[in-house]
Amino acid sequence: MEVTVSQSGDFGVTTGSQLVTVPISGSVTLTVATVNDSTDEPNGSVTVTVDVGSGYTVSQSAGTATVAVDDEDPAPVVSKPSISVGDATAGEGDGFVSFTVEMSGAAGGPVTVYYSVFGGTAAAYGDYLPEWGQVTFATGDTSQTVQIPLIDDSARGEGAETFWLRLRLFDTAYATMEDGLAQGTITDND
Ligand SMILES: [Ca+2]
Ligand SMILES: [Ca+2]
Ligand SMILES: [Ca+2]
Ligand SMILES: [Ca+2]
């Protein structure tokens, strides 16, 4: 009799019709070989169906058999890039301090980073505007800029004044935070 071998998935099975000889009143074992590849893929199955032929009838309930085939290959480890921000310095007359936020490699999807400022020796609203907001790395982006506005006061003889920028990830789906803290330094111009 003829049987038809089919597969759901890709397991290197030879599919199509095969001739099987069953002894009278006996049984036969049909072996279907799979190929052990190293590709991570979904699990699947191999199905054998007895074809309609002459001299026998095909059982409606047992004319088909399916064997599950599990993929045994591990999923590849996806390493996420990490985010860091470096310290930055500007003169009080420069308009803003510009922080460069770097991603160590291209992420698999968009990454949103929230930023805020706090503390330091500089005065909020006197030396800088304590703005907060967010920047988003589009897929493939590795660099973004955060600008904190400065106030050009007329106080003389000031030393350098500082504040802190803090970054926080919206989520860690595509990136992790390596260094989310940077110091901003404002130099005097009076
Ligand atoms: Ca595989
Ligand atoms: Ca100042
Ligand atoms: Ca000034
Ligand atoms: Ca000043």
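## Pairing of strands 5 and 7

Strand 5 (residues 82–85) and strand 7 (residues 96–103) run antiparallel and are joined by three bridges. Within this pairing, serine 84 faces glutamate 102 of strand 7. Strands here are DSSP runs of type E with at least two residues, numbered from the N terminus, and two strands count as paired if DSSP finds at least two bridges between them.

The model is predicted: local features require pLDDT of at least 70, side-chain atom pairs count only at pLDDT 80 or more, and totals for chains, interfaces and linings use all residues. Residues are numbered from 1 along each chain as its sequence is written, while chains are lettered from A and ligands numbered from 1 in the order in which they are written.

## The largest nonpolar core

The largest nonpolar core comprises 23 residues, and Phe99, Val101 and Leu165 have the most contacts inside it. Strand 5, strand 7, strand 8 (111–118), strand 10, strand 11 (161–169) and strand 13 (181–187) each contribute at least two residues to this core. Such a core is a set of buried Ala, Val, Leu, Ile, Met, Phe, Trp, Tyr and Cys residues joined through C-beta atoms within 7 Å. A residue is buried if 20 or more other C-beta atoms lie within 10 Å of its own, exposed if 12 or fewer, and partly exposed in between, with C-beta atoms placed from the backbone.

Setting aside residues up to four places away in sequence, valine 101 touches Ile83, Val85, Val113, Val135, Gln144, Val146 and Leu167. Contact denotes C-beta atoms, placed from the backbone, that lie within 7 Å.

Strand 1 (residues 2–8) pairs with strand 3 (residues 44–50) in the antiparallel sense over six bridges, and glutamine 7 stands opposite valine 46 of strand 3. Strand 3 also runs antiparallel to strand 4 (residues 64–69), to which six bridges join it. In this second pairing, glycine 44 lies opposite valine 69, and serine 45 lies opposite alanine 68.

## Domain division

An automatic or database domain assignment supplies the domain bounds. The protein chain is divided into domain 1 (2–69) and domain 2 (82–187), and the centres of these domains, taken over C-alpha atoms, are separated by 63 Å.

## Two individual residues

Tyrosine 125 is located in the loop between strand 8 and strand 9 (133–137). Although tyrosine 125 is not a glycine, its phi is positive, at about 70°. Tyrosine 125 counts as exposed because it has 8 C-beta neighbours inside 10 Å.

Threonine 112 is placed in strand 8 and is partly exposed, with 14 other C-beta atoms within 10 Å. Leaving aside neighbours within four places in sequence, threonine 112 is in contact with Gln134, Thr136 and Phe170. Threonine 112 and tryptophan 164 are 52 residues apart in sequence and 20 Å apart in space, C-alpha to C-alpha.

Methods
Helices (H or I, at least four residues) and strands (E, at least two) are DSSP runs, numbered from the N terminus. Two residues are in contact if their C-beta atoms, placed from the backbone, lie within 7 Å.
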